[in-house]
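This report describes selected features of one protein model, beginning with a sheet and ending with its aromatic rings.

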Amino acid sequence: MELREELLYSKSHEWVKKEGDEALIGLTDYAQSELGDLVFVNLPEEDEEVTAGESFADVESVKAVSDVYSPVTGVVSAVNEELLDAPEMINESPYDAWFVRVKDITAEEELLSAEEYEAFVESEKKFIKRKEAHRMEAMCRTQSKSSRRCWRTSAMGRWMICFVTFRRR
């Protein structure tokens with residue numbers, strides 16, 4: 001996972017680059033890698049208002065459609081229209097593929113440094129792994145009352161196998 005020290009990061013996986021009284025916003029390297037190959041981007045119009053914590057765009061990958069949340073409240077002053085024709089730019093270079101430039105910023109979410117964001121992502125990964133393990137166990141328990149092998153797709157789209165044996169009391 002690539003991080004840049006000069007950027008700030010949101011817990012919803014967007015990056016922010018402050019440039020004077022404006023901010024560039026884009027999707028983090030971690031987010032684009034989890035989404036997979038991006039095939040479509042829907043961006044707001046110039047002069048549209050964005051609100052911190054609310055969706056301002058969406059991206060479509062081969063896996064799913066995901067909202068992109070604004071880490072600041074303000075007015076869109078520029079849109080990166082190159083992304084409309086080439087959404088793969090986000091996968092190739094997420095920190096150069098900015099979505100919007102926002103001016104007149106009046107509020108912002110809690111933004112994290114690169115070090116804080118890295119720690120947040122690691123804790124989130126651990127939580128997802130625990131949650132996935134519990135979900136897999138519950139699915140296997142419902143299939144049969146004895147030993148079994150079951151195949152399931154994990155939340156990350158990878159095939160997993162689990163062997164579970166239950167003892168009768």
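**The sheet and its strands**

Three strands, in the order S4-S6-S7, form an open sheet with antiparallel pairing. Strand S4 (38-42) and strand S7 (65-69) are the edge strands, each of which pairs on one side only. On average, neighbouring strands of this sheet are turned by 25° against each other, direction ignored. The model is a predicted one.

Strands S6 and S7 run antiparallel and are joined by 5 bridges. Glutamate 60 stands opposite valine 65 in S7.

**Serine 61**

Serine 61 belongs to strand S6 (residues 55-61). Its relative accessible area is 5%, so serine 61 is buried, the cut-off for this class being under 20%. The side chain of serine 61 reaches the backbone nitrogen of lysine 63 at 3.0 Å. Leaving aside residues up to four places away in sequence, serine 61 touches Leu35, Gly36, Asp37, Leu38 and Val39.

**Aromatic pairs**

How many aromatic pairs does the structure hold? There are 4 aromatic pairs. A pair of aromatic rings is described by the distance of the centres and the angle of the planes. Two of the pairs are set out below.

| Ring pair | Distance of centres | Angle of planes | Class |
|---|---|---|---|
| Tyrosine 9 and tyrosine 117 | 4.8 Å | 15° | stacked |
| Phenylalanine 56 and phenylalanine 99 | 6.5 Å | 70° | edge-to-face |

The rings of tyrosine 9 and tyrosine 117 have their planes at 15°, so the pair is stacked; the cut-off for stacked planes is under 30 degrees. This pair links distant parts of the chain, with tyrosine 9 in strand S1 (residues 8-9) and tyrosine 117 in helix H4 (residues 114-143), 108 residues apart. Both tyrosine 9 and tyrosine 117 are buried. Ring pairs also link Tyr9, Trp15, Tyr95 and Tyr117 into a cluster.

For phenylalanine 56 and phenylalanine 99, the planes stand at 70°, so the pair is edge-to-face. Phenylalanine 56 lies in strand S6, whereas phenylalanine 99 lies in the loop between helix H3 (88-92) and strand S9 (100-108), so the pair ties together parts that are 43 residues apart in sequence.

Terms used
Residues numbered from 1 in each chain as written. Predicted model: local features only at pLDDT ≥ 70, side-chain atom pairs only at ≥ 80, totals over all residues. Heavy atoms only, no water. Helix = DSSP H or I, 4+ residues; strand = E, 2+ residues; numbered from the N terminus. Buried < 20%, exposed > 50% of the residue type's maximum accessible area, 1.4 Å probe, protein only. Polar contact = N/O pair within 3.5 Å; in protein donor to acceptor, adjacent residues only side chain to side chain. Contact = heavy atoms within 4.5 Å. Phe/Tyr/Trp six-rings, centres within 6.5 Å; stacked < 30°, edge-to-face > 60°. Pairing = 2+ DSSP bridges. Axes fitted to C-alpha atoms, helices over the stretch in contact; angles between N-to-C directions.
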